[in-house]
Amino acid sequence: MERAEGIRNFVDGAFVEPTGGQYLDNIEPATGKPYSEVPDSDGRDVELAVTAAEKAFPEWSRTPAADRSRILLRIADLIERDLEKLARAESIDTGKPLSLARNLDIPRAASNFRFFATAILHTENEAHVTEGVAFNYTLRQPRGLVGLISPWNLPLYLLSWKIAPAIACGNTAIAKPSELTPMTAYLLCAISREAGLPDGVLNIVHGTGPKVGQPITAHLKVNTISFTGGTVTGKKVAETCAPMFKKVSLELGGKNPNIVFADADLDAAITGSVRSSFANQGQVCLCGSRVFVERSAYESFVDRFLEKTSQLKVGDPLEATTDQGAIVSKTQLEKVKFYVGLAQQEGGKIALGGSVPPAPNERCKEGYFFPPTVIKDLPVSCRVNREEIFGPVVSITPFDSEEEVIGYANDCDYGLASSVWTQNLNRAHRVAEQIHTGTVWVNCWLVRDLRVPFGGMKQSGVGREGGNEALHFFTEPKNICIAK
Ligand code: NAP
């Protein structure tokens with residue numbers, strides 16, 4: 001394959017080479033071959049981005065919300081104009097089916113900009129009257145320079161979920177996409193320039209976590225960090241930020257339960273569970289990797305779940321008929337294989353999948369493919385049922401009572417999301433209330449209203465994104481108290 005255009009850093013409104021002149025190969029997961037290059041930047045590049053963001057902050061933070069809004073709306077329009085180009089870039093970079101990038105990732109990136117562009121026009125300032133003494137009002141001001149760090153699974157979707165509220169609120173940003181999937185972040189830079197975003201408001205520095213992510217989190221002038229990624233990295237980010245008292249939002253890993261009661265609409269539960277298990281090759285932090293089914297429905301659920309899953313076509317991500325593309329990297333593929341092996345050592349039986357499939361075509365013969373894999377008979381609290389795999393692997397376990405399954409669901413260090421399938425409304429409320437996850441979907445999965453609080457409990461993170469939570473995170477509340 002011909003090399004795609006070389007990715008460059010975006011600093012102060014210009015595309016620039018990394019200071020050290022070094023680049024990493026950007027690999028296409030479907031072929032296992034490098035197809036472009038990504039800057040291997042370091043602290044010097046972060047410093048340049050900080051200088052640019054600092055210079056841009058005074059004017060951008062004073063720009064009226066209506067003007068900021070107009071620019072963000074233009075960015076959303078341009079993302080939609082370039083939808084096909086961006087979707088193709090996302091598919092090639094991540095290995096996800098082109099259809100998924102076209103229908104989910106890129107439209108959501110446009111929605112993120114549009115949502116926060118309009119949200120800032122409808123905010124309210126609180127006022128508190130201290131009777132007979134004083135009148136208080138709350139000013140919410142932009143915090144300054146913010147660092148935004150995102151993972152590889154939903155590259156533009158998640159990076160724009162941070163960039164949009166950050167700059168909408170009047171902050172200036174230094175962002176780092178995953179070095180594995182940098183292409184759409186690079187394309188977004190040209191879009192933001194075309195939309196009229198002033199130089200230095202958005203700066204993107206490409207490279208690895210240790211050489212770019214760490215200097216961003218450690219920089220004294222970057223007082224706010226919004227991070228999405230794994231729990232181990234999240235701990236490092238938290239450790240770096242704590243002594244500097246930075247405001248930090250951590251959106252981390254998950255090991256999400258998907259609970260199916262016998263009184264559920266089984267057709268809907270099966271369709272929903274296949275999707276929640278294997279969307280994006282199981283590489284969505286919200287995927288339900290632990291499926292629990294009430295015993296009386298277990299056999300029939302498993303048969304139909306396996307049948308429907310076996311119809312998913314693993315293929316070249318760029319082909320229209322593909323349901324399951326490639327795993328993002330060789331390292332991630334090895335991790336998935338490791339856990340499938342471990343599952344067998346832990347007593348699990350592979351009911352479907354479990355080994356590398358034949359290459360879908362000549363182009364993809366060295367690609368990183370793994371089929372949807374279903375494991376039965378695993379002990380509930382074994383490692384495979386507790387640790388995040390982040391691939392197309394689920395376990396299915398029967399349960400006998402509501403109380404038992406709530407215990408199973410909560411017996412986990414993570415607490416990001418869960419799904420509950422039942423037609424009994426009282427049970428839905430009762431179970432949802434007792435599950436320790438930041439989101440509980442009832443009779444659905446991945447329905448996302450951008451106004452709702454989004455985030456995890458326990459080891460799945462600290463803080464919430466979305467709607468007012470994001471507007472509050474990216475602003476500093478100041479109480480102004482005026483004596484009567
Ligand atoms: P990761 O390894 O933690 O990396 C996330 C980002 O952090 C990448 O850009 C990474 O750079 C960077 N990074 C690495 N070390 C760093 C450091 N010391 N300081 C600052 N930044 C650093 O996660 P991943 O493998 O990319 O993504 C998968 C994980 O993300 C899964 O655990 C998944 O559950 C989680 N996730 C959570 C959510 C959520 O909303 N809760 C959403 C999506 C994904 P590199 O380019 O070097 O990797």
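How many residue pairs are in polar contact between domain 1 and domain 2? The count is nine residue pairs, both residues at pLDDT 80 or more. A polar contact is a pair of N or O atoms within 3.5 Å; within protein, one must be able to donate a hydrogen and the other to accept it, and residues adjacent in sequence count only if both atoms are side-chain atoms.

The model is predicted: local features need pLDDT of at least 70, side-chain atom pairs count only at pLDDT 80 or more, and totals for chains, interfaces and linings use all residues. Residues are numbered from 1 along each chain as its sequence is written, and side-chain values use heavy atoms, with hydrogens and water left out.

Domain 1 covers 9-252 + 460-483, and domain 2 covers 257-450. These bounds come from an automatic or database domain assignment. The C-alpha centres of domain 1 and domain 2 lie 30 Å apart. The contact (heavy atoms within 4.5 Å) takes 34 residues from domain 1 and 29 residues from domain 2.

The size of an interface is often given as the accessible area lost when the parts come together. Here domain 1 and domain 2 bury about 2,500 Å² between them. Buried area is the accessible area (1.4 Å probe) that two parts lose on being put together, summed over both. Carbon and sulfur atoms carry 59% of the area buried between the domains. In domain 1, A30, W152 and S460 lose the most area to domain 2. Together these residues make up 22% of what that side buries.

Side chains of opposite charge can pair when their charged atoms come close. One salt bridge is counted between domain 1 and domain 2. A salt bridge is a side-chain nitrogen of Lys or Arg within 4 Å of a carboxyl oxygen of Asp or Glu. The side chains of R363 and E28 form a salt bridge at 3.1 Å, N to O. On the side of domain 1 that touches domain 2, the elements giving two or more residues are β3 (23-28), α3 (83-94), α4 (98-119) and α5 (155-168). Helices (H or I, at least four residues) and strands (E, at least two) are DSSP runs, numbered from the N terminus. Helix α4 gives the largest share of that side, seven residues. The residues of that side divide into 14 nonpolar, 14 polar and six charged. Ala, Val, Leu, Ile, Met, Phe, Trp, Tyr, Cys and Pro count as nonpolar, Asp, Glu, Lys and Arg as charged, and the others, Gly among them, as polar.

Helix α4 also holds F113. F113 is buried, at 1% relative accessibility. Buried means under 20% relative accessible area, exposed over 50%, and partly exposed in between (1.4 Å probe, protein chains only). Beyond residues up to four places away in sequence, F113 touches L72, I75, A76, I79, S160, I163, A164 and L188. F113 and I163 are 50 residues apart in sequence, yet 8.3 Å apart in space, C-alpha to C-alpha.

Strand β6 (residues 134-142) contains N136, which is buried at 10% relative accessibility. The side chain of N136 makes polar contacts with the side chain of T130 at 3.0 Å and with that of N479 at 3.2 Å. R140 also lies in strand β6. R140 pairs with E126 in a salt bridge, the closest N and O atoms being 3.7 Å apart. E126 sits in the loop between α4 and β5 (127-130), 14 residues from R140. R140 is partly exposed at 28% relative accessibility, and E126 is partly exposed at 36%.

In all, 31 salt bridges are counted. R143 and E476 form one, with the closest N and O atoms 2.2 Å apart. This pair links distant parts of the chain, 333 residues apart: R143 lies in the loop between β6 and β7 (145-149), and E476 in strand β22 (residues 475-483). R143 is buried, with a relative accessible area of 16%, whereas E476 is partly exposed at 36%. The salt bridge of E334 and K330 spans 4.0 Å, N to O. Both residues lie in helix α11 (residues 330-345), four residues apart, about one turn of the helix. Salt bridges that share partners join D263, E402, R427 and R430 into one network.
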